[in-house]
Amino acid sequence: MTSAALVHVVVSGLATGSIYALVALSLVIVYNATRTLNFAQGEMLMVSTFAGFTVYAHVKLPLVVVMLIAVAAAALLGWVIERVIIRHAIAATHFDVLIITLGLSLVLRSAAGLAWTHDEFPFPSFFGTRPIVLGPVRVAPVSLGIIGASLALMLGLWALFTGTRLGRAMRAVAQNQRAARLVGISVERVYAASWILASVVGAIAGVLIAPVVFLSSQMGLVAINGFIAAVLGGFGSMPGAVVGGMLLGVIENLAPLYLPSSIKHSVPFLVLIAILLVRPGGMLGRVARRKV
Amino acid sequence: MRLLALAIGAAGLLLWPWAAPRYFVFLASLIVVNAIVAIGLNLLSGYTNQLSFGHAGFLAVGAYTAAIVATRSPGVPVVVVLLAAALVTAAVGLLLGVPCLRLEGLYLAMATLAFGFVVVEAILNLDGLTRGNDGLRVPAARLGPWALATDTARYYLVLVVGAVMMWAAGNLARTRTGRALLALRESEVAAQASGIHVARYKTLAFAISALYTGVAGGLFAFVVGFLSPDAFDVFLSVDFVAMIILGGLGSVPGSVAGAAVLTVLNDSLAGFQNYRPLIFGAILIASMLFMPGGIASAVRRLRTRWAGHPPMAPDSRRGLE
């Protein structure tokens, strides 16, 4: 295997990894605010992307507008789900909310199948198809585009979490809910904001990945790899989610080169089991000590 | 009163094959199989608060073990085949349970989910044993000189095994082990302080749960007669979780009720596959929001109301947060 080809594999791994990182980020955003895992994240991403696609199929708007529509749909979806369902379970245990989001993922996937069928649709891409040639190395523009757009979004999130009032409120709630309430932060509003923000990040990931994997009701399954990425980095840590996502993408792309191809589909799960065995807190995470 | 109801129920179950069309006999067998899985899952999730999304994997291990044993050594009595399925699956449960000791909550759910995927991949890859995607035909179960080749015969087999498993699970809560598991559910720290070996009992819960599912897998193989890996996907694991959520966590009769309702529903929706997940998902959300504790606790509440007692305090159904 030449090193040029290796670069190609690693770059496309980083591109897939960026998507995992975005999905992992959206899972972590909801987790940090509400301490629950949103099983429906992948399906919310899929539905938002479909919303953008529906508009595109009827009126050929520029892709940026399509993405904005998907983002708006995602924000609405996140808000509605939080207000109508999750808010009612605010006193319930994490276990209960986990089951609720599991039910939600079934409902959304099934509803998407009814609305848009279970077929695969080609989705328009921002990026050209002619490979970019740098000396001996050839890279697909879509890979670079996904990596660039994801990095820009991550920078934006970083600015949001460090520089704005809302971001600081969200971090405060993640650290200690009662203390956050004591200093006057509306925890309910942070819940809603977290669901909306997570949904929006997911929608952007969906619009970026849809041209590569095709748009279908099964697209939400990407959330499983997003979760594995988040665990790999240390669940709850945002830098961890990014690093974990990138790493998982590269491992997944490199593994078939060195391992028998028949275990290709199991690679992310084997990575998950390995990391849980060796270091359950992930690379950048800490294992939380539970108090009685 | 209670005895009378039990006697009528038992008579109804025994006479079922003569009253119902053949297909409904098959359906009843399937209900019992699913009920055994639900009881097994409930012993893990309801008793020790460990959620598993991998029970379709255990079911597959049990089913394939039974099918392979029955094919390779024809004439072996069905009891031995089921025992083999139970022991192999329990061993797999033990192997999975030990590393899972370090995990809880979300992590455990995800690790078991991964286990389910890996089992399906393993079935596909071990095609020398399992015939991979082609599927595996299961010979009729044998009991001494008889081959249990009709739906009615298989129904009675499933019913007897199911009754034994249910009786054992109902009594488990009254044994030392059962009390230890229940204590773990309420508070691991308190249980540990009372001298309960947390690691040992959590692993044991995994093994018992896998054992139940392995027996159910063996029965499933004989009832359905044909195994292929796509029958054991993650959505089946989700169905099992839905059964115990709807039925009631920590309740044996609840597990049976949840399994019965969802199996019948699943079957009646066979022509509307697209709506199936929609309805199952809605059931999950609705039971969590409006009927926490599931059918079991709803029945308990109704019974106290009929008996003229003042309504109970909200029942403590699960571990304290």
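I read chain A along its sequence and noted the pattern α-α-α-α-β-β-α-α-α-α-α-α-α. That is 11 helices and 2 strands. The model is a predicted one, which I keep in mind for every entry here.

Next I looked up the overall dimensions of chain A. Its C-alpha trace spans about 60 × 50 × 35 Å along the principal axes. The radius of gyration is 19 Å, and since a compact globule of 292 residues would come near 19 Å, the value agrees. I also checked burial: 54% of the 292 residues of chain A count as buried.

I then turned to helix 1 of chain B, residues 2–19. From first C-alpha to last, this helix of 18 residues reaches 24 Å, close to the expected 26 Å. Where does helix 1 of chain B bend? I find a bend of about 35° at B:L13, with the proline B:P17 following within four residues.

I list 21 residues in the lining of the largest cavity, with A:F39, A:S105, A:R109, A:L221 and A:I224 nearest its centre. By class, I have 15 nonpolar, 4 polar and 2 charged residues in this lining.

Which helices supply at least two residues each of that lining? In chain A I note helix 2 (41–58), helix 4 (94–116) and helix 9 (222–233), and in chain B helix 5 (105–125) and helix 11 (234–247). Helix 4 of chain A gives the largest share, 4 residues.

Methods:
Residues numbered from 1 in each chain as written. Chains lettered and ligands numbered in written order. Predicted model: local features only at pLDDT ≥ 70, side-chain atom pairs only at ≥ 80, totals over all residues. Heavy atoms only, no water. Expected span 1.5 Å × (residues − 1). Bend = angle between axes of the 7 residues up to and from the residue. 1 Å grid on protein atoms, 1.4 Å probe; cavity = no way out; pocket = protein on both sides within 12 Å on 5 of 7 lines; lining within 4 Å. Nonpolar A, V, L, I, M, F, W, Y, C, P; charged D, E, K, R; others polar. Rg over C-alpha atoms; globule rule 2.2 N^0.38 Å. Buried < 20%, exposed > 50% of the residue type's maximum accessible area, 1.4 Å probe, protein only.
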